[in-house]
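Dear colleague,

I am handing over the structure below, and I would be grateful if you could read it alongside the notes that follow. They are meant for someone who is new to it.

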There are 4 protein chains.
Amino acid sequence: MRATPRLTREAFDALVAAELPIANQLGFRVESLAPGHVVTRAVYQDGFLRPGGTIAGPVLMALSDYTMYAVTLSMIGPVALAVTTNLNINFLRKPAPRDLFAEGRILKLGKRLAVSEVTLRSEGEAEPVAHVTGTYSIPPRE
Amino acid sequence: MRATPRLTREAFDALVAAELPIANQLGFRVESLAPGHVVTRAVYQDGFLRPGGTIAGPVLMALSDYTMYAVTLSMIGPVALAVTTNLNINFLRKPAPRDLFAEGRILKLGKRLAVSEVTLRSEGEAEPVAHVTGTYSIPPRE
Amino acid sequence: MRATPRLTREAFDALVAAELPIANQLGFRVESLAPGHVVTRAVYQDGFLRPGGTIAGPVLMALSDYTMYAVTLSMIGPVALAVTTNLNINFLRKPAPRDLFAEGRILKLGKRLAVSEVTLRSEGEAEPVAHVTGTYSIPPRE
Amino acid sequence: MRATPRLTREAFDALVAAELPIANQLGFRVESLAPGHVVTRAVYQDGFLRPGGTIAGPVLMALSDYTMYAVTLSMIGPVALAVTTNLNINFLRKPAPRDLFAEGRILKLGKRLAVSEVTLRSEGEAEPVAHVTGTYSIPPRE
């Protein structure tokens, strides 16, 4: 049986600060972390923009992957080597140049795979700007 | 009938330099651009890393989206406001810390949607590190 | 402006009975249809089985597509020529040999594309057996 | 190390005949099977039709899954309990009412996951009608 040391928000922040520079450069942070449910934020930067004055798709994809990582580790503990195997994103609305929020939740936690869902919204907007599903592979236990 | 002004590599580079800062920050560039077929490169930076010493998924997704943008515009001309509607990525192998190459090709060019495929490889490796399909929406002509 | 004649459940059933034989053969039916929210059922048949005694993936995909069709038409009216452009399914749990329920909802209705989400469950089970997102293309109005 | 008993076409046909009734009902068959590369066919039936007189999406998805199953087993041997974990399909062109061909190939064979790609064409047409990627989960060896 897998013992599941609880992942604290502090432990996740420390892991990201030390080993995931792209999330730091893009100003991502966790707002709330509970087992199976995570809320994250991307603090707006002008570097997020794309033609048309909206936020570029790669920023949304990066925030989604960060959120999936957090929500997966919220269930399995600080297993840094968990890796994405698949990510599918539907872009729904053009995101205005402001902070983004992402809400991640687990759809299924298996022994080898964790499937999760992320919904992205612009700050102050009810309708989502993107919807993501993805799978993380959980490394075999030592 | 849509007149298709040919997209030159110089025009694409100029568009990205002016309006897509994330691609500049991540060191993306076009190696070859022909109608329906594009090769791009991400010049390795330590900022690409993730736990385990491999390249983070968001870098691969950003390079894929940049490549899809280039290959889509290679067919429809410099329509900067074309936007991604869907992107699906399968991560196949852990990418070593070195340059990445992406090869993009058009699967279907319609009036409203362009579907393309991107294969990503590490420099000097034959086997792909990721495979991507995605759809761009082509804005209605003025 | 697009006038949106309301789609009744009877109109959808009649369309499927006349023009979508695979849905008839597989015993699909609508349980509830409201604008933007649809519940459907696949009545179990032994023909659904796959090795291991669970229900085959194609049955789940067919039920998902039928549900997306219903929920899309629930928003745009009886536009029979709306077609799927993309469908992504994550299989979460092995479905036992019994009826399946699918719940579809609209994530985004645009002028040209409708993105929807479907969650599939086995009768009497709370946890989903599959999760689907997909896009329908809405034909230009005559 | 996993011993890999070669999968013959006869063994695959026998498995499907005995345990995958939906593939039999839909008239699917293998045209060619080699390790990592498979060609299959769906013999046209009027039951494939959808509004507009083209072939319904679920037929394409079912043929894709059957093809992925064949190409996965072509690599790992007759492991009937391998199951799809994810499938993503892009519909590219409306398929005319005639036989469909599908070509499947392995993108990555891992110890736990096999990722494959399927391209679908109408008989006698060069341009694909759909493109699929998907993942099969390989059960742990006894």
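**The helix pairs**

In this predicted model, H3(C) and H3(D) pass each other in a right-handed crossing, a crossing being left-handed if the near helix is turned anticlockwise from the far one by less than a right angle, and right-handed if clockwise. Helices (H or I, at least four residues) and strands (E, at least two) are DSSP runs, numbered from the N terminus. The contact is formed by Gly57(C), Pro58(C), Met61(C), Ala62(C) and Asp65(C) on H3(C), together with Gly57(D), Pro58(D), Met61(D), Ala62(D) and Asp65(D) on H3(D), where residues are in contact if their C-beta atoms, placed from the backbone, lie within 7 Å. Sorted by class, the contact of H3(C) with H3(D) has six nonpolar, two polar and two charged residues; here Ala, Val, Leu, Ile, Met, Phe, Trp, Tyr, Cys and Pro count as nonpolar, Asp, Glu, Lys and Arg as charged, and the others, Gly among them, as polar.

The axes of helix H3 (residues 57-76) of chain C and helix H3 (residues 57-76) of chain D come within 9 Å and cross at roughly 155°, with axes taken as lines fitted to C-alpha atoms, for helices over the stretch in contact, and angles running from 0 to 180 degrees between N-to-C directions. H3(C) and H3(D) are therefore roughly antiparallel to each other, given that angles under 35 degrees count as roughly parallel, over 145 as roughly antiparallel, 65 to 115 as roughly perpendicular and the rest as oblique.

In chains A and B, the axes of helix H3 (residues 57-76) of chain A and helix H3 (residues 57-76) of chain B come within 9 Å and cross at roughly 155°, which makes H3(A) roughly antiparallel to H3(B). The crossing of H3(A) with H3(B) is right-handed, and in it Gly57(A), Pro58(A), Met61(A), Ala62(A) and Asp65(A) meet Gly57(B), Pro58(B), Met61(B), Ala62(B) and Asp65(B). The residues of this contact of H3(A) with H3(B) divide into six nonpolar, two polar and two charged.

Before going further, a word on conventions. Residues are numbered from 1 along each chain as its sequence is written, while chains are lettered from A and ligands numbered from 1 in the order in which they are written. Because the model is predicted, local features need pLDDT of at least 70 and side-chain atom pairs count only at pLDDT 80 or more, whereas totals for chains, interfaces and linings use all residues.

An open sheet of 12 strands, with antiparallel pairing, runs in the order E1(A)-E2(A)-E6(A)-E7(A)-E8(A)-E5(A)-E5(B)-E8(B)-E7(B)-E6(B)-E2(B)-E1(B), two strands being paired if DSSP finds at least two bridges between them. Strand E1 (28-34) of chain A and strand E1 (28-34) of chain B stand at the edges, each with a single partner strand, so one side of each is left without a neighbour in the sheet. On average, and with direction ignored, neighbouring strands of this sheet are turned by 20° against each other.

Strand E5 (residues 83-91) of chain A and strand E5 (residues 83-91) of chain B run antiparallel and are joined by five bridges. Along E5(B), Asn90(B) stands opposite Asn86(A), and Leu87(B) stands opposite Ile89(A).

**Where the chains touch**

Chain A places 29 residues in contact with 29 residues of chain B. On the side of chain A that touches chain B, helix H2 (21-25), strand E3 (49-50), H3 and E5 of chain A give two or more residues, and E5(A) gives the most, with nine residues. That side of chain A divides into 17 nonpolar, nine polar and three charged residues.

The contact between chains D and B takes 11 residues from chain D and 11 residues from chain B.

**Two residues of chain A**

Leu87(A), in strand E5 of chain A, counts as buried because it has 26 C-beta neighbours inside 10 Å; a residue is buried if 20 or more other C-beta atoms lie within 10 Å of its own, exposed if 12 or fewer, and partly exposed in between. Not counting residues up to four places away in sequence, Leu87(A) touches Ser64(A), Asp65(A), Val132(A), Gly134(A) and Ile89(B).

Lys108(A) lies in strand E6 (residues 100-109) of chain A and, with 19 C-beta neighbours inside 10 Å, counts as partly exposed. With residues up to four places away in sequence left out, Lys108(A) touches Val115(A), Leu92(C) and Arg93(C).

With best wishes

How values were computed. Two residues are in contact if their C-beta atoms, placed from the backbone, lie within 7 Å.
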